[in-house]
Amino acid sequence: MVSTLTICMPYVAITLLVVFGTNFRLSLSQSFLSNLTVYRIPAKDETPKQPLKTSQARNRQKRLNRKKSEENLQGQLCLIPTTGEGLLQRAFFSDFDKLVFFATTVVTNLVAFQLVSWLKDDLRGGSVLTCLAVIAGGCGIVSLVRTQINTEVSPREEQLVGGAAAIASGMMAALVLLLVPSEVLDFELEGAAQAVTLSLQLQLEKLGHESVALAVKGATVFPLVFLQGVLVGLAAVIGGVSVAPAVRCGRCYMLSTSPPDWAEGHLGEGRGRRVLLHINTILPMAVIVLWIRPMLEEPLGLSAEHILYLRIGAVILAAVMQGALLRTHVQSFLDSGFVAWYERLYGNGVAERGAPSGTRQGAEANMYSQVVRCQLDLNSTLMCKVAVQAFAPGVILLSCAALMWHKGVMTKDHDTNSLLPPILFKSIFSFIAWWFCGLWTLFSSVTLGLFRYGQLT
């Protein structure tokens with residue numbers, strides 16, 4: 001009889017190999033955020049010329065200089081590419097590094113487990129994948145919580161809105177779980193409660209507690225209520241930490257797809273990238289629809305297995321798109337500082353470089369210059385926080401999809417006698433994926449609507 005440790009050793013070796021490969025020279029997390037353009041206003045006694053290591057950054061500087069040559073604005077703004085060494089000193093880079101590490105290991109173990117199941121028809125080595133996926137999802141939520149409660153980088157208003165959203169999210173989740181019938185939204189909670197009861201009964205019988213096992217038999221009400229309570233608590237936490245990332249990504253989406261008229265040629269993305277941004281905005285809504293049974297089973301005639309495949313595929317695609325657009329979201333956040341620099345200095349009619357310092361116009365110009373300088377420095381400081389807010393949702397969805405695939409498809413008929421049956425993982429993480437996408441759609445839609453009607457800038 002091969003021991004569980006022996007079966008899991010190849011997956012542990014693969015995980016260690018991935019850790020070594022992604023940190024051999026330049027870590028993968030540093031590669032994600034390297035060579036982005038940071039804007040900074042140089043001091044009076046500082047030369048504005050900075051080394052631009054990439055062609056993208058050099059082209060940005062050339063376009064900026066050409067556009068402002070008529071107004072004699074050259075030299076007022078430095079374009080500095082980010083480096084791996086500089087990223088290590090920024091706040092929240094360690095959180096981002098952890099997210100990249102766990103996402104990489106989850107993907108690697110998921111692929112390895114799938115290959116082994118095809119080649120050897122052996123499904124006994126999934127415990128490493130299960131542990132890594134649970135830890136990765138928890139790490140994503142904890143990272144978002146850290147960005148939310150840090151008083152040094154998160155304003156008081158953001159924390160209050162997050163707290164209100166957490167309370168509202170928990171109440172909404174309780175109503176959904178109690179009032180919406182399983183014929184409309186089926187997370188298989190009743191089946192999970194029955195499986196947990198049966199597993200507990202079998203474990204008690206093995207330990208020789210037949211009387212207790214007999215009392216537990218058929219008692220599914222308590223496990224169901226307890227499971228619903230756990231999901232309500234998770235929904236509250238997810239609601240509190242998803243407001244700021246959704247609003248931030250909504251702002252980045254608007255700046256990337258609809259930059260100001262004066263910024264054409266410098267800001268914004270190409271057609272291909274804009275199409276990806278549009279798809280990334282629509283995908284969470286598609287995930288919500290895939291869990292509504294009357295819209296899939298009867299009209300399309302899909303079986304439960306095919307619907308599960310569609311759900312897992314949609315969640316994986318949403319996670320991949322969120323990770324693929326990471327650099328776009330972070331660069332758009334940095335570009336917002338450039339927009340503030342231009343509009344505050346040259347959109348108010350007060351930023352005349354030659355204005356005497358003792359006049360009112362000179363004082364206003366100096367005030368605006370200081371405000372813009374602080375905002376540019378703040379954007380540079382919060383760069384890794386925005387990276388965490390943009391990447392953590394993808395890691396959470398990836399973990400949910402991995403566990404839904406592993407527990408709902410690969411091992412659904414195995415380990416039925418374990419204390420934590422596969423259907424329990426499938427139910428919990430399918431609800432987390434659906435609820436997260438629902439909240440993301442709600443918050444991002446409200447953000448985009450406020451932008452359209454001019455309530456946000």
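Helix α6 (residues 127-149) and helix α7 (residues 156-179) have axes that come within 9 Å and cross at roughly 135°. The model is predicted: local features need pLDDT of at least 70, side-chain atom pairs count only at pLDDT 80 or more, and totals for chains, interfaces and linings use all residues. Residues are numbered from 1 along each chain as its sequence is written, and side-chain values use heavy atoms, with hydrogens and water left out.

**Helices α6 and α7**
- The two helices are therefore oblique to each other (angles under 35 degrees count as roughly parallel, over 145 as roughly antiparallel, 65 to 115 as roughly perpendicular and the rest as oblique).
- Thr-147, Gln-148 and Ile-149 of α6 meet Glu-158, Gln-159 and Gly-162 of α7 in this contact (heavy atoms within 4.5 Å).
- One nonpolar, four polar and one charged residue make up the contact of α6 with α7 (Ala, Val, Leu, Ile, Met, Phe, Trp, Tyr, Cys and Pro count as nonpolar, Asp, Glu, Lys and Arg as charged, and the others, Gly among them, as polar).

**Leu-185**
- Leu-185 sits in the loop between α7 and α8 (189-206).
- Its relative accessibility is 11%, so Leu-185 counts as buried (under 20% relative accessible area, with exposed over 50% and partly exposed in between, for a 1.4 Å probe and protein chains only).
- Neighbours within four places in sequence aside, Leu-185 is in contact with Val-176, Val-180, Trp-291, Ile-292 and Trp-434.
- Pro-294 is 109 residues from Leu-185 in sequence, and their C-alpha atoms are 8.9 Å apart.

**Cysteines**
- The structure holds zero disulfides (pairs of cysteine sulfur atoms within 2.5 Å).
- Cys-252 is in no disulfide, and the nearest cysteine sulfur, that of Cys-249, is 6.1 Å away.
- Cys-252 counts as buried at 3% relative accessibility, and Cys-78 counts as buried at 0%.

Key
Axes fitted to C-alpha atoms, helices over the stretch in contact; angles between N-to-C directions. Helix = DSSP H or I, 4+ residues; strand = E, 2+ residues; numbered from the N terminus.
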